Amino acid sequence: MSNEKNRREALIYHAKPQPGKIKIVPTKPYATQRDLALAYSPGVAEPCLEIEKDKENAYKYTSKGNLVAIISNGTAVLGLGDIGPEASKPVMEGKALLFKIFSDIDGVDIEVDTKDVDKFVETVKMIAPTFGGINLEDISAPAAFEIERR
């Protein structure tokens, strides 16, 4: 196979029939007005109140326990080096795909546009309540070690 053929196949794979490798799909019924009332308002208030009483209830009533954030700033991507957050997105989506196919865990790629360790750590800490796990990926050293330490 030629390099040009491989290149074309890779670009088509990522672009067609729908760009990207991951999507979000509902896990609950949504066909009726009753379904929607349970999914959103007013039914959503009940699990909210239970989570307010005990934050661990988020694992019982939401997807948090099966949701991992795959976070990168794109500074050490595969053999590509510092290609930036946007260019690292296909790799992070690929990692989400691997989480799904090998362990049925839903992964969400998050590309953070900063090389500043303090800003990166602050961002991760602020979004952490959404996720059951945080997977830091493709961040250059020594920043990666400092970010993991915090």
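Me: What makes Glu-93 count as buried?

Reply: Its relative accessible area is 11%. Buried means under 20%, exposed over 50%, and partly exposed in between (1.4 Å probe, protein chains only). The model is predicted: local features need pLDDT of at least 70, side-chain atom pairs count only at pLDDT 80 or more, and totals for chains, interfaces and linings use all residues. Residues are numbered from 1 along each chain as its sequence is written, and side-chain values use heavy atoms, with hydrogens and water left out.

Me: How do you know that Glu-93 and Lys-89 form a salt bridge?

Reply: Their closest N and O atoms are 4.0 Å apart. The rule asks for a side-chain nitrogen of Lys or Arg within 4 Å of a carboxyl oxygen of Asp or Glu. The pair sits at that limit, so it is counted. Lys-89 itself is partly exposed, at 32% relative accessibility.

Me: Why are Glu-93 and Lys-89 separated by about one helical turn?

Reply: Because they are four residues apart in helix H5. H5 covers residues 84–103. Helices are DSSP runs (H or I, at least four residues), strands are too (E, at least two), and both are numbered from the N terminus.

Me: Which other residue does Lys-89 bridge to, and what parts of the chain does the pair link?

Reply: Glu-111, with the closest N and O atoms 3.7 Å apart. The pair links distant parts of the chain: Lys-89 is in helix H5, Glu-111 is in strand E2, and they are 22 residues apart. Glu-111 is partly exposed, with a relative accessible area of 22%.

Me: What makes Arg-149 and Glu-146 a salt bridge?

Reply: Their side chains meet at 2.7 Å, N to O. That distance is within the cut-off, so the pair qualifies. The two are three residues apart in helix H7 (residues 143–149), so about one helical turn separates them. Arg-149 is exposed at 61% relative accessibility. Glu-146 is partly exposed at 26%.

Me: Which residues do shared partners join into one network?

Reply: Lys-89, Glu-93, Asp-109 and Glu-111. The whole structure holds 13 salt bridges.

Me: How do you know that E1 and E2 pair?

Reply: Strand E1 (residues 67–72) and E2 share six bridges, in the parallel sense. Pairing requires that DSSP finds at least two bridges between two strands. Among the bridge partners, Ala-69 goes with Val-108 of E2, and Val-68 goes with Gly-107 of E2.

Me: What makes E2 and E3 edge strands?

Reply: E2 (106–111) and E3 (133–136) each have a single partner strand, so one side of each is left without a neighbour in the sheet. The sheet is open, has three strands in the order E2-E1-E3, and pairs them in parallel. Its twist averages 25° from one strand to the next.

Me: Where does helix H5 lie, and how does it run relative to E2?

Reply: H5 lies across E1, E2 and E3, at about 170° to E2. Axes are lines fitted to C-alpha atoms, for helices over the stretch in contact, and angles run from 0 to 180 degrees between N-to-C directions. Helix H6 (residues 117–127) also packs on the sheet, touching E1, E2 and E3. Contact means heavy atoms within 4.5 Å. The direction of H6 makes about 170° with that of E1.

Me: Why is the unit of E1, H5 and E2 called right-handed?

Reply: With the strands pointing away from the viewer, a right-handed path from the first strand over the helix to the second runs clockwise. E1, H5 and E2 make a β-α-β unit of that hand.
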